[in-house]
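Hi there,

Here is the structure I promised to pass on. Have a look at it first, and then read my notes below.

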Amino acid sequence: MQTVLFHNTIFGPIKSRRLGVSLGINLMPNDGKICSFDCLYCEAGFNAQGPGKDGIPTRNAVKKGLKRKLEEMQAAGEPLDVITFSGNGEPTLHPQFLDVVKDVIRLRDLYFPQAKVSVLTNSTMTHKPDVVEALKLVDNNIVKLDSARAHTFRTLNRPGSPNMIPEAVIDNLRQFDGQCIVQTMILRGSHEGETIDNTTKEEVDALIDAYRQISPREVMIYSIDRQTPAQDLHKVEGDDLEAVAERIRQAGFTVQVNA
């Protein structure tokens with residue numbers, strides 16, 4: 001079974017196709033996965049692998065580990081474009097997420113003031129005031145919305161809460177007043193007899209309507225790049241991905257395509 005990607009709290013730096021030279025912060029366990037979604041395409045595998053035994057890192061462990069790594073990179077003259085919260089699950093589930101974000105910003109300002117701080121979030125915790133406050137502090141608040149249609153949303157993202165619907169997520173994202181980047185995975189395939197295709201006219205129209213409500217500063221679309229835990233998913237290649245992007249651009253949005 002496909003399992004967790006990151007076995008350290010501070011990992012990289014890696015070359016991100018979306019963000020540049022990125023130093024990662026994994027706020028979830030190093031030997032398991034904790035997430036409020038169980039996406040069919042998640043590179044860290046399904047939630048069924050369990051949360052592991054290490055537990056989530058403490059605020060102090062994150063701060064000490066990041067400080068040590070930034071000192072090493074600075075001494076070596078290494079470049080850094082961005083510090084990114086990502087990893088084995090949803091970072092905003094960390095109980096001290098706001099405090100951790102503040103620590104990271106202070107360390108960034110001290111060692112690499114030109115670098116950005118980014119958070120890759122699945123948007124499920126944006127009903128919590130402390131999470132919203134934290135996401136408003138970072139340079140790149142990258143929120144997920146893969147589908148604005150309930151059936152596709154639930155089939156593709158498989159939220160842990162049976163009551164979660166895309167309309168509620170969209171409404172929560174409106175509170176950022178455009179201070180966000182919406183990230184959308186574009187793919188085709190099937191799972192347990194259900195067809196999945198968010199490139200259709202109906203799907204893209206619904207996404208465009210959602211983007212209009214959220215008013216993001218940018219829309220970021222991409223497709224599968226690595227192995228996925230669900231086997232029958234297919235990458236949307238360059239021309240088809242660009243066609244989706246062009247429809248979104250025609251609606252008035254800035255679109256970044258990561259083919």
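Before the rest, some ground rules. This is a predicted model, in which local features need pLDDT of at least 70 and side-chain atom pairs count only at pLDDT 80 or more, while totals for chains, interfaces and linings use all residues. Residues are numbered from 1 along each chain as its sequence is written, and side-chain values use heavy atoms, with hydrogens and water left out.

Helix pairs

The axes of helix α1 (residues 59–76) and α2 come within 10 Å and cross at roughly 15 degrees. Axes here are lines fitted to C-alpha atoms, for helices over the stretch in contact, with angles running from 0 to 180 degrees between N-to-C directions. Helices (H or I, at least four residues) and strands (E, at least two) are DSSP runs, numbered from the N terminus. α1 and α2 are therefore roughly parallel to each other; that label covers angles under 35 degrees, with over 145 roughly antiparallel, 65 to 115 roughly perpendicular and the rest oblique. Residues making the contact (heavy atoms within 4.5 Å) include V62, L66 and L70 of α1 and V100, V104 and L107 of α2.

The other pair is α6 (residues 201–214) and α7 (residues 238–250), whose axes come within 10 Å and cross at roughly 40 degrees, so α6 and α7 are oblique to each other. Their crossing is right-handed. On the α6 side the contact is made by K201, V204, D205, I208 and Y211, and on the α7 side by V244, R247 and I248.

The cores

A nonpolar core is a set of buried Ala, Val, Leu, Ile, Met, Phe, Trp, Tyr and Cys residues joined through side-chain atoms within 4.5 Å. Buried means under 20% relative accessible area, exposed over 50%, and partly exposed in between (1.4 Å probe, protein chains only). The largest core has 73 residues, of which I25, L70, F85, I221 and I248 touch the most other members. Helix α2 (residues 97–111) gives this core its largest share, 8 residues. Leaving out residues up to four places away in sequence, I248 touches V204, I208, Y211, V219, I221, F253 and V255. There is also a second, separate core of 6 residues, with L19, V82, I181 and M220 among them.

Cysteines

How many disulfides does a search of the whole structure find? The search finds 0 (a disulfide being a pair of cysteine sulfur atoms within 2.5 Å). For C35, the nearest cysteine sulfur is that of C42, 6.4 Å away. C35 counts as partly exposed, because its relative accessibility is 22%.

Backbone points to check

Most residues other than glycine have a negative phi, and most peptide bonds are trans. A cis peptide bond joins G12 and P13, with omega about 10 degrees, and P13 lies in strand β1 (residues 10–16). S123 has a positive phi near 80 degrees; this residue sits in the loop between β4 (116–121) and α3 (129–137) and is buried, at 1% relative accessible area. D177 also has a positive phi, near 50 degrees. D177 is in the loop between α5 (166–173) and β6 (181–185) and is exposed, at 68%.

Best wishes

Technical notes:
A crossing is left-handed if the near helix is turned anticlockwise from the far one by less than a right angle, and right-handed if clockwise.
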